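Hi,

Here is the structure I promised to pass on to you. Have a look at it first, and then read my notes below.

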Amino acid sequence: MRGGMVQTQQTDARQAHFERTIEHEQRIEPADWMPDGYRKTLVRQVAQHAHSEIIGMQPEGDWLTRAPSLRRKAILLAKVQDEAGHGLYLYSAAETLGVDRSELTQKLIDGKQKYSSIFNYPTLSFADVGVIGWLVDGAAICNQVPLCRSSFGPYGRAMVRICKEESFHQRQGYELLLHLMSGTDAQRAMVQDATDRWWWPSLMMFGPPDDESPNTAQSMAWRIKRDTNDTLRQRFVDMSVPQAQALGVTLPDSELRWDEAAGHWHFGTPDWDEFKRVVAGDGPCNEERIRRRREAHEEGAWVREAAAAYAAKQAAKHAAKHAAR
Amino acid sequence: MEAEAGGWPMYEVFVRAKRGLNHVHVGSLHAADDEMALHHARDVYTRRNEGISIWVVRSDHITASDPNERASFFEPSADKAFRHPTFYEIPDDVGHM
């Protein structure tokens, strides 16, 4: 009884310290005490983000061998490499919470952890590469800039690095589209078609509407989420509309109009049934994305094992040499 | 940790951004050995000229202070205000000191 009470008091003191730290906009670091719920929620958030970066290599990776010029190919290759890098920063941040990367990878390929549902849509033309940079990476930037101030130190620091690099991603996409728009009618039609297909899924990237997002309040109190889904979605629409105008494409929303009173662009409602279906696994590419990730992981096993065997052999050789001396 | 990728240990990565600056911790990664850790560190953490020098060290070779003991561990420095220049009152007309 007594021991239990002492422990409770200790936890209360730690909890108070934790809350004070967050209230003062200071960061929680890995070795600090934190509530189980905070740790769990963060592991889920960071892992899901890491998985999204890794799976996100696939839709654009499909165009690496078919890029229309060496310049575009080099840019696309650099971009896809960045996504791999972002995944690694984030797995590294997740591991500071006491989970293991291999465990997270396993959960991804077993379908037990999710990734952003945007990557379950196919890339049908090279204009998709441009639109993904412009809209999908644009939405990601909207989401991620506030997360640079996440209360969890390693996640915030990873986000700072990622945001710097995302800016290149968005700009290369927009430039690609500008280039296509200055081309033939067929090329302009490609851009419009890609915009039509990616616009609504991009709006869904911010997650369900606020009144259907039960975890938002707690995550915002913990400051691991800094703005609500609807706030971010509105910010993204307000940013994107002038960009679409400058580009000369039409956004596929008949309700889209400037709301003078609100000072925002009014937009229509995304198809949330489609969103739920795709999140639940029934999108155009869900099965393919996971299958390819699983194949890459399993077919790469021999490389990991060979490297480990080589390292062990070298270490043994080194030890023997050291002993002989 | 040993379960990872057929037993690849974790390394911490430190990067010197340019001459005149310290190496700073930037994150961690997994690698089979020291050399691979250096190559991975270059590829993951310095794709845009972020560094001119990298250190990698196995995470399990780092000894760290305990955050729960922070108060007592750093206590010897907390109560010595006289170590700071502002502790001393110097007349204004002496000028900058």
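Which element gives the most to the lining of the largest cavity? Helix α4(A) does, with four residues. Before more of that, some housekeeping. This is a predicted model, where local features need pLDDT of at least 70, side-chain atom pairs count only at pLDDT 80 or more, and totals for chains, interfaces and linings use all residues. Residues are numbered from 1 along each chain as its sequence is written, chains are lettered from A and ligands numbered from 1 in the order in which they are written, and side-chain values use heavy atoms, with hydrogens and water left out.

**The cavity**

There is one cavity of 30 Å³ or more in the structure, and the largest cavity holds about 50 Å³ of space. (A cavity is a set of points on a 1 Å grid over the protein atoms alone where a 1.4 Å probe fits but cannot get out; lining residues have an atom within 4 Å of a point. Points are joined across faces, edges and corners, and the volume is the space filled by probe spheres set on them.)

Its lining is made of L88(A), Y91(A), S92(A), E95(A), R101(A), S28(B), L29(B) and H30(B). At least two of the lining residues come from each of α4 (70–95) of chain A and β2 (23–30) of chain B. (Helices, H or I with at least four residues, and strands, E with at least two, are DSSP runs numbered from the N terminus.) Sorted by class, the lining has three nonpolar, three polar and two charged residues. (Ala, Val, Leu, Ile, Met, Phe, Trp, Tyr, Cys and Pro are nonpolar, Asp, Glu, Lys and Arg charged, and the others, Gly among them, polar.)

**The sheet in chain B**

β2(B) also belongs to an open, antiparallel sheet of three strands, ordered β2-β1-β3. (Strands pair if DSSP finds at least two bridges between them.) β2 and β3 (53–58) of chain B are at the edges with a single partner strand each, so one side of each has no neighbour in the sheet.

β1 (residues 10–16) of chain B pairs with β3(B) over six bridges, and Y11(B) has R58(B) as its bridge partner there. Seven bridges join β1(B) to β2(B), where M10(B) stands opposite H30(B), one of the cavity-lining residues. These two strands form a hairpin with six residues between them, and G20(B) in the turn has a positive phi of about 95°.

**Confidence**

For the complex, the predictor gives an ipTM of 0.86 and a pTM of 0.92.

Enjoy exploring!

Technical notes
On a 1 Å grid over the protein atoms alone, a cavity is a set of points where a 1.4 Å probe fits but cannot get out, and a pocket is an open set with protein on both sides within 12 Å along at least five of seven lines; lining residues have an atom within 4 Å of a point.
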